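Colleague: I have just opened this one and would like a walk through it. Could you take my questions as they come?

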Amino acid sequence: MPPSSLHPKVYIRLLYDTVVFLCRLPFWLLHHSLAALQRRHREITREYTARREVPRCPPRLVTLSASEDETSYHNSASDSEDEPLALIPPSPTHSTAHSPSIPPPPYHSLSSPPQHGPVSPPSPLVADEKPTPPPITPEPTTPTMSSKHFDPNPTHLLLTSLHSQTLTNPSLALDSQNKILYLRPSSKSSSQRVHLVSGGGAGHEPSFSGFVGTGLLSAAVSGTIFASPSAEQIRTCLFSRLPPSSETLVTVMNYTGDVLNFGLAVEKAKAAGKRVEMVIVGDDAAVGRTKGGKVGRRGVAGTVLVVKIAGALAKRGYKLDEVAKVARLVAGNLVSVGASLGRVHVPGRAVNKEEEGEKLGEDEVEIGMGIHNEAGVGREKMELKQLVGKMLRMMLDRNDKERGFVNVNSNEVVLLVNNLGGVSVLELGGIVAEVVKQLGEGWNIKPVRVLSGTYMASLNGLGFSVSLLNVVNTDIGGPGMIELLDDECEATGWPAQISKLTWEERNQATREEDASNGEEVGESGLRVDAKAAQEVLTRGLEAVVAAEPDVTRYDTIVGDGDCGIGLKRGAEAILRHLSSKPLTGDVVIDLANIIPVVEMEMDGTSGALYAIFLNALVAALRTTSQSEKEASAKVWAAALRQSCEALSKYTPARPGDRTLVDALYPFVNTLEETGDVKKAAEAAVAGAEGTKGMKASLGRTVYIGGSGFEEVPDPGAWGLASFFQGLAGIKKLEEDSNGWEKL
């Protein structure tokens with residue numbers, strides 16, 4: 001409609017509104033332009049401030065954000081006002097893990113606040129001249145540990161690293177095939193009664209390869225990065241890389257793979273008549289009793305104190321029982337807690353999305369970080385003083401029912417502050433000072449010895465751990481723990497120099513003996529009817545093969561489905577062995593010849609458990625053979641009982657945990673009571689049946705949901721019960737109406 005047709009009042013109103021709009025338009029445009037400029041100014045200010053070196057104001061403290069299913073912690077009321085945990089950007093010349101197109105991420109500093117100023121030296125400024133902000137470039141939102149390595153080949157890296165120990169300490173030799181570093185034969189090592197062996201996955205250097213030397217370890221066995229060495233590697237070490245007549249103490253950290261593989265090798269050594277003891281060290285106090293469950297505390301940096309003190313005692317010529325006793329005393333009086341600012345990257349491993357998602361935030365610290373890059377128990381944003389305070393409370397607070405593992409009440413306490421690999425010497429010194437200060441002021445503890453440095457790393461982990469040793473009386477009528485800790489040693493990983501004499505000797509001796517299986521076991525004199533024994537054993541093994549479908553079905557519901565196949569593979573391998581090498585009638589020789597078949601054919605956790613049990617059984621039967629000549633039911637029952645006790649050293653599984661032990665223990669108990677194999681087998685079947693509806697405490701079943709465990713027995717227990725049924729000649733039980741078809 002043209003304006004001329006409008007009512008005069010409407011026309012005037014439209015004209016008025018148009019004039020008002022045109023008058024307000026410049027102010028509206030100016031307002032929004034200013035708002036946009038202010039937002040951009042704030043963005044530039046934040047990005048620029050993150051690159052400067054001294055904060056305008058202290059960073060905020062926020063409460064803990066614990067990871068899911070982990071224990072939560074809260075800041076105490078005594079919040080510190082000291083300098084906070086903060087960020088310092090790396091120098092532009094510092095190498096990073098990222099491609100050149102991506103700028104390096106910031107990293108953390110535990111003891112130093114961020115400082116203002118350009119990263120590179122600024123050009124001289126005239127008076128009152130303001131520095132020009134550096135160009136703004138996008139940065140990752142969270143820090144990342146370096147995934148860039150000088151030698152990204154993990155196999156080559158490990159072997160060259162082990163070889164380097166022989167270059168820096170001429171008294172060492174390397175068995176590269178088995179990744180064993182050991183002391184060369186010499187008059188000093190050969191005269192020593194007890195020798196120490198330890199080891200574990202690589203990536204923790206100087207533990208344990210750097211601790212091989214006079215007064216410490218006689219040998220160390222290395223696995224690949226963060227993975228246990230195999231039982232065969234360890235067995236080779238025990239049988240052929242130590243003086244032939246020596247007694248051996250094996251120390252191992254409490255991790256399942258290490259405990260099982262070292263334990264298996266120890267039992268094989270005992271079965272061959274060697275004197276060997278094993279000490280398992282679990283000193284971590286971060287994971288509480290509830291979370292740790294039957295597995296117990298992890299072994300972390302405090303382990304090195306056990307090695308040092310036991311090694312000094314062995315060097316002084318003490319007996320195996322005495323060395324082992326003191327080692328256990330040290331292990332039982334240790335507590336440790338670690339903290340880290342980021343995860344590590346394993347050489348040769350691609351960075352995946354899961355690792356990217358697990359990165360810590362820019363100002364987060366993870367408490368309780370394990371030495372194998374496993375997650376801690378919580379993440380917090382806190383300054384160094386608060387962090388140290390929380391770590392000490394975890395170790396020392398007797399009111400904490402979850403973590404009051406050791407009552408640190410001795411007049412003598414040893415402090416170890418361990419670098420996880422990526423903390424600078426400067427920063428570690430600041431951490432040590434803070435720890436010692438808080439121990440004195442908050443807990444009235446003045447350490448008699450303070451050890452600081454890299455003892456047990458997690459590759460290049462940007463973190464540290466604190467360990468406390470409560471010094472107690474050794475009760476051996478000799479030197480105390482402090483005196484032994486002070487004893488001289490020759491190992492590149494311990495703060496001690498290699499002596500002039502060792503360098504001048506240039507020892508070139510090695511140990512190249514073959515550690516082949518089977519040669520160590522001689523006749524025992526403990527005999528059975530060979531033909532009858534072969535028939536009984538064959539019957540039992542055939543029952544295991546026949547039970548495979550049932551075991552596989554059960555394991556498909558409550559596990560990963562491989563239990564039945566593993567048992568069948570082992571049973572068939574033994575049957576093939578018996579067909580080519582029939583039993584001789586000497587139970588020790590016959591059983592010792594079967595064990596390598598089990599070790600080769602049965603892998604996984606169950607294979608290791610069976611191998612440990614059988615090796616312990618050989619040792620028990622050998623001992624019995626000194627007083628008995630016939631392998632009666634009574635003799636077998638006593639030997640089986642000793643094997644159960646040996647197995648219990650390496651696994652926390654007990655009846656009621658829904659494992660193969662639920663069938664094993666009833667069999668042994670009934671055989672002891674009655675001497676009747678048939679009744680014992682029936683008890684084993686009842687024990688296996690009793691696992692239906694039993695909630696698992698150990699094994700993969702713990703992690704699998706659903707209600708299948710209520711309907712089927714434990715696969716491992718059922719497989720073992722089937723073997724016992726075969727031994728006793730009991731016909732296989734028919735599957736009832738609640739069987740697989742109904743499921």
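Colleague: Which strands does helix 8 lie across?

Modeller: In this predicted model, helix 8, residues 320–332, lies across strand 5, strand 7 and strand 8, and its direction runs at about 5° to strand 8.

Colleague: And what is the strand order of the open sheet of six strands?

Modeller: The order is 3-4-6-5-7-8, and the pairing is mixed. Strand 3 (172–175) and strand 8 (276–281) are the edge strands, each of them pairing on one side only, and the twist from one strand to the next averages 20°.

Colleague: In what sense do strand 5 and strand 7 pair?

Modeller: Strand 5, residues 194–202, and strand 7, residues 247–253, pair in the parallel sense, with four bridges between them; in one of these, His195 has Thr248 of strand 7 as its bridge partner. Helix 2 (residues 154–168) also packs on the sheet, where it touches strand 3, strand 4 (180–183), strand 5 and strand 6 (219–225), and its direction makes about 155° with that of strand 3.

Colleague: What is Leu621 in contact with, leaving aside its neighbours within four places in sequence?

Modeller: On that basis Leu621 is in contact with Leu526, Val587, Val588, Leu591, Val635, Trp636 and Ala639.

Colleague: How many aromatic pairs does a search of the whole structure find?

Modeller: The search finds five. One of them, Phe211 with Trp494, is edge-to-face, at 5.9 Å centre to centre and with 65° between the planes. This pair links distant parts of the chain, 283 residues apart, since Phe211 is in the loop between strand 5 and strand 6 while Trp494 is in the loop between helix 12 (481–486) and helix 13 (500–505).

Colleague: Is Phe211 buried or exposed?

Modeller: Phe211 counts as buried because its relative accessibility is 1%, and Trp494, at 8%, counts as buried too. Ring pairs also join Phe211, Tyr455 and Trp494 into a cluster.

Colleague: Why is the pair of Phe667 and Phe724 called stacked?

Modeller: The pair is stacked because the planes of the two rings are at 5°, with the centres 3.7 Å apart. Phe667 lies in helix 20 (residues 661–674) and Phe724 in helix 22 (residues 715–728), so the pair ties together parts that are 57 residues apart in sequence. Both Phe667 and Phe724 are buried.

Colleague: Now the backbone: which peptide bond has omega near 15°?

Modeller: That is the bond from Glu205 to Pro206, which is cis, and Pro206 is placed in the loop between strand 5 and strand 6. Another cis peptide bond joins Ser207 and Phe208, with omega about -5°, and the place of Phe208 is again the loop between strand 5 and strand 6.

Colleague: And what is the phi of Asn444?

Modeller: Asn444 has a positive phi of about 55° although it is not a glycine, and it is found in the loop between helix 11 (425–443) and strand 13 (449–453). Asn444 counts as exposed because its relative accessibility is 66%. Asp475, also not a glycine, has a positive phi of about 60°, and it counts as exposed at 54% relative accessibility.

Notes:
Residues are numbered from 1 along each chain as its sequence is written. This is a predicted model: local features need pLDDT of at least 70, side-chain atom pairs count only at pLDDT 80 or more; totals for chains, interfaces and linings use all residues. Side-chain values use heavy atoms; hydrogens and water are left out. Two strands pair if DSSP finds at least two bridges between them. Helices (H or I, at least four residues) and strands (E, at least two) are DSSP runs, numbered from the N terminus. Axes are lines fitted to C-alpha atoms, for helices over the stretch in contact, and angles run from 0 to 180 degrees between N-to-C directions. Contact means heavy atoms within 4.5 Å. Rings of Phe, Tyr and Trp (its six-membered ring) pair if their centres lie within 6.5 Å; planes under 30 degrees apart count as stacked, over 60 as edge-to-face and the rest as tilted. Buried means under 20% relative accessible area, exposed over 50%, partly exposed in between (1.4 Å probe, protein chains only).
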